[in-house]
Amino acid sequence: MYYMAKIEGTVRIPPYRFDEPLEDVAIETLNEKYNSKLDKNLGLLVSVVDIEEIGEGTLIMGDGAAYYSVVFNAIFFKPEQQELIEGEVIEIAEFGAFVRIGPMDGLVHVSQVTDDYINYDSRGGSLIGKESNKILSEGDTVRARIVVLSLKGKSTRDIRIGLTMKQPNLGKFEWIEAEKRKAAERKAKA
């Protein structure tokens, strides 16, 4: 999900910042320009970490700023299809649960929460299994698999991540632990 990439680019340093340390200003400027920008190949830029090379500055007539070619390292977040994730339920709706995955959110549709029929409790803001009585609420920590992924566009609003929790060892952590205990009890009886 997270990885570091080396990027080559140009940074514009405004004249009022010429008296500050060049590398610090360049990192700050690059972060202001690129943080939370989405690239379909690289993913979401989380942070510019450091600068490996700064070229000689160039002035452009009428601008007053200096332009430097730079090679910098940046941390990206890029989820992958079929990847297992762990996240926190941040919102419950009639149609499913939104799960925070690092700097992005994914959706577990009600049909993908459990094999059970799911009811929405608007008073408690929970999803409840009709037969199993499993309850999914805001603040729960879950493990899910990415089954739908779309990283089109330029910002986090354009990201679509569909999740499932219906497979073995997926779901709310309490559900997973309960299943492990049941399996251990069945094994002990056999």
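Analyst: Two residues are in contact when they have heavy atoms within 4.5 Å of each other. The model discussed here is predicted.

User: What makes Lys6 a contact of Glu52?

Analyst: Leaving aside neighbours within four places in sequence, Glu52 is in contact with Lys6, Val71, Phe72 and Asn73. Lys6 is on that list, so the pair has heavy atoms within the cut-off of 4.5 Å. For Val71, there is also a C-alpha to C-alpha distance of 5.5 Å from Glu52, across 19 residues of sequence.

User: Where is Glu52, and why is it called partly exposed?

Analyst: Glu52 is in strand S3, residues 43-54. Its relative accessibility is 41%. Buried needs a value under 20% and exposed one over 50%. The 41% of Glu52 is in between, so Glu52 counts as partly exposed.

User: Why is Glu83 called buried?

Analyst: The relative accessible area of Glu83 is 19%. The cut-off for buried is under 20%, so Glu83 counts as buried. Its place is in the loop between strand S5 (66-77) and strand S6. Beyond four places in sequence, Glu83 touches Met1, Lys78, Ala144, Arg145 and Ile146. The C-alpha atoms of Glu83 and Val147 are 8.2 Å apart, though 64 residues separate the two along the chain.

User: How do you know that Asn31 is buried?

Analyst: Asn31 has a relative accessibility of 15%, and buried means under 20%, so Asn31 is buried. Asn31 sits in helix H1, residues 22-34. Its contacts beyond four places in sequence are Ser47 and Val48.

User: What is noted about the phi angles of Gln82 and Asn169?

Analyst: Gln82 has a phi near 75 degrees, a positive value in a residue other than glycine. Asn169 is not a glycine either, and its phi is about 65 degrees, also positive. Gln82 is in the loop between S5 and S6, while Asn169 is in the loop between S13 and strand S14 (171-172).

User: Why are Gln82 and Asn169 called partly exposed?

Analyst: Gln82 has 42% relative accessibility and Asn169 has 47%.

User: Which residues touch the most other members of the largest nonpolar core?

Analyst: They are Val99, Val113, Leu136, Leu163 and Met165, out of 24 residues in this core. Strands S6 (84-93), S7 (96-101), S8 (104-109), S12 (141-151) and S13 (159-164) each supply at least two of its residues. S12 gives the most, with 4 residues. Beyond four places in sequence, the contacts of Met165 include Val108, Val113, Leu136, Val142 and Trp175.

How values were computed: Residues are numbered from 1 along each chain as its sequence is written. This is a predicted model: local features need pLDDT of at least 70, side-chain atom pairs count only at pLDDT 80 or more; totals for chains, interfaces and linings use all residues. Side-chain values use heavy atoms; hydrogens and water are left out. A nonpolar core is a set of buried Ala, Val, Leu, Ile, Met, Phe, Trp, Tyr and Cys residues joined through side-chain atoms within 4.5 Å. Buried means under 20% relative accessible area, exposed over 50%, partly exposed in between (1.4 Å probe, protein chains only).
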